[in-house]
Amino acid sequence: YIEEYEEVPKSWTRGNKEFFGLKIQGNSMNPEFRDGDIVIFQKSEVCSSGSYCAVSINCTECTFKKVIKKESGLTLMPLNPDYEPMFFTNKEIEELPITILGIVKEVRRSY
């Protein structure tokens, strides 16, 4: 659901680029991304290995992790070592499905 709107520079939208924001909940991406941060993502269904992405799991859950791609599948890697990485085989990626929603463009933090 929509909690609030965040403005983005008009220059970002050139070439029909689209953006969305997520409010971080939890600490799995500490210390770089903190609980309460607003992360702005550029919509994209693809990413490079090592990108920070919003990812849909089974069309029911959205998570924010570092995406590590391998021939055998992909790993959703938290930055906080207290959390375990999530590995998905190529078969699981297709069947669940696992879908890249967007790539980090900017982090907004209130102090």
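This is a predicted model: local features need pLDDT of at least 70, side-chain atom pairs count only at pLDDT 80 or more; totals for chains, interfaces and linings use all residues.
## Aromatic pairs

The model holds five aromatic pairs, counted from the distance between ring centres. In the pair formed by Trp 12 and Phe 19, the ring centres are 5.2 Å apart and the planes meet at 45°, so the pair is classed as tilted.

Phe 41 and Phe 64 form an edge-to-face pair, because their planes stand at 80° with ring centres 5.5 Å apart. Phe 41 belongs to strand S2 and Phe 64 to strand S4 (residues 61-70), so this pair ties together parts that are 23 residues apart in sequence. Phe 41 and Phe 64 are both buried.

Ring pairs join Phe 20, Phe 33, Phe 41, Tyr 52 and Phe 64 into a cluster.

## Ile 38 in strand S2

Strand S2 spans residues 38-43 and includes Ile 38. With a relative accessible area of 14%, Ile 38 is buried, since the cut-off for a buried residue is under 20%.

Beyond its neighbours within four places in sequence, Ile 38 is in contact with Glu 6, Leu 22, Lys 23, Glu 106, Val 107 and Arg 108. Ser 56 is 18 residues from Ile 38 in sequence, and their C-alpha atoms are 18 Å apart.

Definitions and conventions. Residues are numbered from 1 along each chain as its sequence is written. Side-chain values use heavy atoms; hydrogens and water are left out. Helices (H or I, at least four residues) and strands (E, at least two) are DSSP runs, numbered from the N terminus. Buried means under 20% relative accessible area, exposed over 50%, partly exposed in between (1.4 Å probe, protein chains only). Contact means heavy atoms within 4.5 Å. Rings of Phe, Tyr and Trp (its six-membered ring) pair if their centres lie within 6.5 Å; planes under 30 degrees apart count as stacked, over 60 as edge-to-face and the rest as tilted.
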